[in-house]
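Please have the sequence and the model open while you read these notes. Each numbered point takes up one topic.

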Amino acid sequence: EVLQLALFNGQTSLENVLVSFESKLCGSDDYTFLLRELGNRGEHEKAIKCFQFAVRRERRKNEQGKLASAMISILGRLGKVELAMGIFETALREGYGNTVYAFSALISAYGRSGYYDEAIKVFDSMKNYGLKPNSVTYNAVIDACGKGGVEFKRVVEIFDEMLSGGVQPDRITFNSLLAVCSRGGLWEAAMNLFSEMVNRGIDRDIFTYNTLLDAVCKGGQMDLAFDIMEEMPANVLPNVVTYSTMIDGYAKAGRFNDALNLFNEMKFLGIGLDRVSYNTLLSIYAKLGRFEEALDICREMEGSGIRKDVVTYNALLGGYGKQGKYNEVRRLFDEMKAQRVSPNLLTYSTVIDVYSKGGLYEEAMDVFREFKRAGLKADVVLYSALIDALCKNGLVESAVSLLDEMTKEGIRPNVVTYNSIIDAFGRSTTSECLSDTGQISELQTKTSSLVIERGIEADTGQISELQTKTSSLVIERGIEADATDGEDNRIIKIFGQLAAEKGGQAKKGCGVRQEILCIRCDSFEDASMLLEELWLFDNQVYGVAHGLLMGYRENVWIQAQSLFDEVKSMDSSTASAFYNALTDMLWHFGQKRGAQLVVLEGKRRQVWENVWSNSCLDLHLMSSGAARAMVHAWLLNIRSIVFEGHELPKLLSILTGWGKHSKVVGDGALKRAVEALLTGMGAPFQLAKCNLGRFISNGPVITAWLRESGTLKLLVLHDDRTHLENTRFQEISNLQTIPL
């Protein structure tokens, strides 16, 4: 009765209601019920008023403490952490807040809102009040650490403290620990925790399995994840979260067919899709270029009452962008705003990246202006997209200035950012600064090759339509901007200049024209100097790259292992892009042995799945530098098979996958690079007639060639720059190539 009256009446009359029912309300339990139910309905102000009324009338400190704990917990669930802190401080001051439950409730409140530092401080302060944490406290602080992204090592310390204090963990404890693992993709630690649960006889629920699967999927161990799902007990059936997690894991690993098979299994079992699973499926179809099916998913999604959200639009924008369907990108971007779906940082990053890679610099500039008007703050994704666009056009120095800007803003570059700049070193740039119109054709050629290499099926009509803007407008809007806008204006000027140069009508002698600084990476000295400067940004990534480039392999290899561990925890496309960029850079500047060691490390860590067998080498996911280093390693491997007295398979194949997006059938940069390499070594491979991206030979012919006295010298790679300390390392690594 009181609850209904409290909900129906305003705050002013709530006290009268409570007074009239005071004789019928039996202590703290009844008031706690009222607090909880008001909180469930979002009525936090009425709940606080009810709490204050109850505390004033309750004389027993322990009962007042129960009310305070309940109120703090309710406010925490509602995200009202400051109000929760106020209740806690008042309770402490008035002598009824000095309880384990009040502290635990506040820790949980901070954790729910992502304030893990404050949660840990409250946890540590319990000792000052002579309180011993219980399982509820430990569960709350471990959960807070998980939500706040605290390092797993710190969480383990808290867990060890729990065990040493004689507090027994329960299912909630382990589920919270698993959640910490899932956020970092720490699949091995997650498996160990799961085994510990089994050993302790602690029941596992659907949350346990879903969190474990999430950790294993983020660690890229999809076969293991499938086995875990298959072995789920009969009383814990997979639900929509289970399937969504698996489908997303397969999608990130590039195993789209496996993802779609699970989707069909979901439909067969009658498991309804939620927003996450719909968006994941739509993203898969968009990445595959199967847009009719993607749109079918959109219609099915909306038919089930789930409207397209920003995640849906981001997936479609990315998919259409990769296929070069720029008119569709523009239409979707306009549609989402018309539907009042606000673009987020990822939306702007995606569209800017799409337009930049397609050479549509004026459109990219317009989107960047809109992004600034929206009042959003750039994050690592947007900075990475801008840096990538600059690097792809040879503007490495401008890219480095943006890298400097982002670090000053407190934004830490990620592997995608590093890939762009390291990749710029690995490509031979032939264009000078963009100030001379005579070199526009070089930029256009470079952009065209970029479009082909990145697999963008750009429709010529669409590009022509989007590029018929007048360059005078570009210069007026992009270059004559007010210089007081600082770094943002600099980005707009860069895009404006690129657009004007691409149009081929940039104004000569324009007094306000912004000079764009370029750098050529053909010079080893220039590259090493710039990498040394970049070392200041990130000692680990650029330190490793610079050390390998300079030939200090032994000194940096331990640090490189740590870096490779970090990269392996990322999705497969990002990891392979990093290895490709690093090996390209090393190969380009003559550090070919170093490039081979990096690429073999990538193979060992399964960055590229099923790269080779004794009969086949699959290079289609590799860059030209990585592929050439791998060809040498593979040929050395099959040579060891020959000299061990074994026969080679009758047919040997090297797959380059020239790519369906190539403008010239059977012609691709990777195929040409591998063909030149094989020809240069005199390796007896020829193109297969039925597959223009496949080189073949027969076992006996290759065996005879491998047995020739001069072949080994051709296969063993060397670095142009080495140091004496590498001698021992070289001997060890040579031994390691034998059992590959």
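1. Start with a group of rings. Phe 333, Tyr 348, Phe 368 and Phe 371 form one aromatic cluster. Keep in mind that the model they come from is predicted. The structure holds 10 aromatic pairs, and two of these pairs are taken up below.

2. The rings of Tyr 348 and Phe 371 make an edge-to-face pair, with 5.6 Å from centre to centre and 65° between the planes. The label edge-to-face applies because the angle between the planes is over 60 degrees. Tyr 348 belongs to helix α21, residues 345–357, and Phe 371 belongs to helix α22, residues 361–373, so this pair ties together parts that are 23 residues apart in sequence.

3. How far apart are the ring centres of Phe 368 and Phe 371? They are 5.9 Å apart, and with the planes at 40° the pair is tilted. Here both residues sit in helix α22, 3 residues apart, which means a separation of about one helical turn.

4. Are Tyr 348, Phe 368 and Phe 371 buried or exposed? Tyr 348 is buried, at a relative accessible area of 3%. Phe 368 is buried too, at 2%. For Phe 371 the value is 0%, and this residue is also buried. The cut-off behind the word is a relative accessible area under 20%.

5. Next, the cysteines. How many disulfides are there? The count is 0, by a rule that asks for a pair of cysteine sulfur atoms within 2.5 Å. Among the cysteines, Cys 145 is buried with a relative accessible area of 1%, and Cys 217 is buried at 9%.

6. Last, the protein as a whole. Its secondary structure comes to 39 helices and 4 strands. The protein has 740 residues, and 52% of them are buried. Of the contacts between residues at least 6 apart in sequence, 66% join residues at least 24 apart. The accessible surface comes to about 33,600 Å², and carbon and sulfur atoms account for 51% of it.

Methods: Residues numbered from 1 in each chain as written. Predicted model: local features only at pLDDT ≥ 70, side-chain atom pairs only at ≥ 80, totals over all residues. Heavy atoms only, no water. Buried < 20%, exposed > 50% of the residue type's maximum accessible area, 1.4 Å probe, protein only. Phe/Tyr/Trp six-rings, centres within 6.5 Å; stacked < 30°, edge-to-face > 60°. Helix = DSSP H or I, 4+ residues; strand = E, 2+ residues; numbered from the N terminus. Contact = heavy atoms within 4.5 Å. Areas by Shrake-Rupley, 256 points an atom, 1.4 Å probe, with all protein chains shown as cover.
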